[in-house]
Amino acid sequence: RVLFRSVMRAVTPQFLAAVASSHRMVSRARVVPPGLNGVSIADDDVLLDLDIVSGSVTLDSTADVLGSLDLTVSAAAFPQSTSDPLTPYGNEIAIERGVQYGSGSREWVLLGYFRIESVEQQTLNGPVEVSGSDRMAGLVNAKIPFPLTFTAGTLVTAVISSLIISEYPWAVFSFDASIVGVALATDQVTTDDRVGFITTLVKSYGCIAYW
């Protein structure tokens with residue numbers, strides 16, 4: 001595996017016991033600026049709390065973009081200007097799933113950060129439909145402007161890092177031990193497809209890449 005974010009979903013024993021039995025599920029969606037890492041979100045980083053009507057997070061292990069989001073929120077969130085938080089101009093939505101205990105306290109688990117792809121309102125003052133995708137979608141869109149050559153002897157991890165950091169300078173990596181310290185045996189030249197090149201490269205070493 002090659003991860004472009006290194007996090008652990010740590011939960012309490014109480015959470016694990018609750019999800020294995022009857023429990024009250026809660027969820028929340030919050031608009032945040034791009035580039036946050038980790039599983040905890042500071043209140044100061046939240047641009048807008050969304051009132052969820054319905055939604056789902058889908059994970060597809062066969063797709064270039066592993067995670068996608070379909071979310072319906074209340075009409076109040078519909079952007080009125082280009083500077084509003086829910087406009088699809090770079091902000092992301094942090095989705096969390098949680099458990100509410102009998103005491104009223106809640107424990108949250110982050111499902112991911114999703115780039116806002118589209119925001120639609122079918123009827124005046126009606127609910128707002130939002131679609132999003134995980135950060136790999138940004139790399140799919142970021143075509144390489146001209147072929148890049150990585151010479152034999154370059155570390156595989158360095159190749160991957162350079163192709164990601166040029167688009168996401170704040171990216172955090174977690175590489176499988178099997179490719180750490182491994183160097184290219186021959187020169188490799190990219191096409192304009194950044195994700196396609198990375199996917200083909202890591203597959204040749206028996207790995208997969210995802211955000």
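Me: How many salt bridges does a search of the whole structure find?

Reply: Happy to start there: the search finds six salt bridges. Keep in mind that this is a predicted model.

Me: What makes Arg28 and Glu96 a salt bridge?

Reply: Their closest N and O atoms are 2.7 Å apart. The cut-off is within 4 Å, so the pair qualifies as a salt bridge. Arg28 lies in strand β2 and Glu96 in strand β6, so the pair ties together parts that are 68 residues apart in sequence.

Me: Why is Glu96 called buried, and why is Arg28 called partly exposed?

Reply: Buried means under 20% relative accessible area. Glu96 has 4%, so Glu96 is buried. Arg28 has 25%, which falls between the 20% and 50% limits, so Arg28 is partly exposed.

Me: Which residues are linked with Glu96 in a network of salt bridges?

Reply: The network links Arg28, Arg30, Asp43 and Glu96. Within it, the side chains of Glu96 and Arg30 meet at 3.0 Å, N to O.

Me: How do you know that Glu92 and Arg135 form a salt bridge?

Reply: Their N to O distance is 2.8 Å, and the limit is 4 Å, so the pair counts. Glu92 is in strand β6 and Arg135 in the loop between β8 and α2, so parts 43 residues apart in sequence are tied together.

Me: What makes β3 and β4 edge strands?

Reply: The open sheet runs in the order β3-β2-β6-β7-β8-β5-β4, with antiparallel pairing. β3 and β4 each have a single partner strand, so one side of each is left without a neighbour in the sheet. For β4, seven bridges join it to β5.

Terms used
Residues numbered from 1 in each chain as written. Predicted model: local features only at pLDDT ≥ 70, side-chain atom pairs only at ≥ 80, totals over all residues. Heavy atoms only, no water. Pairing = 2+ DSSP bridges. Helix = DSSP H or I, 4+ residues; strand = E, 2+ residues; numbered from the N terminus. Buried < 20%, exposed > 50% of the residue type's maximum accessible area, 1.4 Å probe, protein only.
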